[in-house]
Amino acid sequence: MNVLCVDDSATLRKIVSMALTAAGHTVVEAENGKIGLDQLAANKVDCVILDINMPEMGGLDFLKAKGGMAPFKAIPVIVLTTEAEEALKASALSLGASGFLAKPFQKDELLAALQKI
């Protein structure tokens, strides 16, 4: 599976990338939603792992923009964030997110979330 990891933390992107690569996936990284949209257009992506709080373009704005882009609308998104409030989760899911994981996460949780989609 080709996965786009969008997070402003280089450390977290590296952790996600190592976990997914070890499981046989290919990972493309982006440090904010704006760059994430560019990577989405430039690469074949099967799934997005998305943070919420990022500079320039956050996760909710990314979801809104992606939802308006017909070629990418159906690509599933798993939100991976430190934010755990139900209202934020509901907003992300209503904007098209397929799943929601809280940081810190376990590798097995992330892989299980990818298997679901």
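This is a predicted model: local features need pLDDT of at least 70, side-chain atom pairs count only at pLDDT 80 or more; totals for chains, interfaces and linings use all residues.
Which residue in β4 is the bridge partner of Val 48?

**Figure 1. The open sheet of five strands.** The strand order is β2-β1-β3-β4-β5, and the pairing is parallel. Strands β2 (26-30) and β5 (99-102) form the edges, each of them pairing on one side only. From one strand to the next, the twist averages 20°. Strands of a sheet pair through backbone hydrogen bonds, in either a parallel or an antiparallel arrangement.

**Figure 2. Pairing of β3 with β4, and the helix across them.** Strand β3 (residues 47-50) and strand β4 (residues 77-81) run parallel and are joined by three bridges. Val 77 is the bridge partner in β4 of Val 48, which answers the opening question. Helix α3 (residues 59-67) lies across both β3 and β4. The direction of α3 is at about 155° to β3.

**Figure 3. The salt bridge between Lys 103 and Asp 7.** The structure holds six salt bridges, and one of them is formed by the side chains of Lys 103 and Asp 7, at 2.8 Å from N to O. Lys 103 is located in the loop between β5 and α5 (107-116), whereas Asp 7 is located in the loop between β1 (2-6) and α1 (10-22); the pair therefore ties together parts that are 96 residues apart in sequence. Both Lys 103 and Asp 7 are buried.

**Figure 4. The salt bridge between Arg 13 and Glu 29.** The side chains of Arg 13 and Glu 29 meet at 3.2 Å, N to O. Distant parts of the chain are linked by this pair: Arg 13 belongs to helix α1 and Glu 29 to strand β2, 16 residues apart. Arg 13 has a relative accessible area of 10% and is buried, whereas Glu 29, at 26% relative accessibility, counts as partly exposed. Side chains of opposite charge can pair when their charged atoms come close.

Terms used. Residues are numbered from 1 along each chain as its sequence is written. Side-chain values use heavy atoms; hydrogens and water are left out. Two strands pair if DSSP finds at least two bridges between them. Helices (H or I, at least four residues) and strands (E, at least two) are DSSP runs, numbered from the N terminus. Axes are lines fitted to C-alpha atoms, for helices over the stretch in contact, and angles run from 0 to 180 degrees between N-to-C directions. Contact means heavy atoms within 4.5 Å. A salt bridge is a side-chain nitrogen of Lys or Arg within 4 Å of a carboxyl oxygen of Asp or Glu. Buried means under 20% relative accessible area, exposed over 50%, partly exposed in between (1.4 Å probe, protein chains only).
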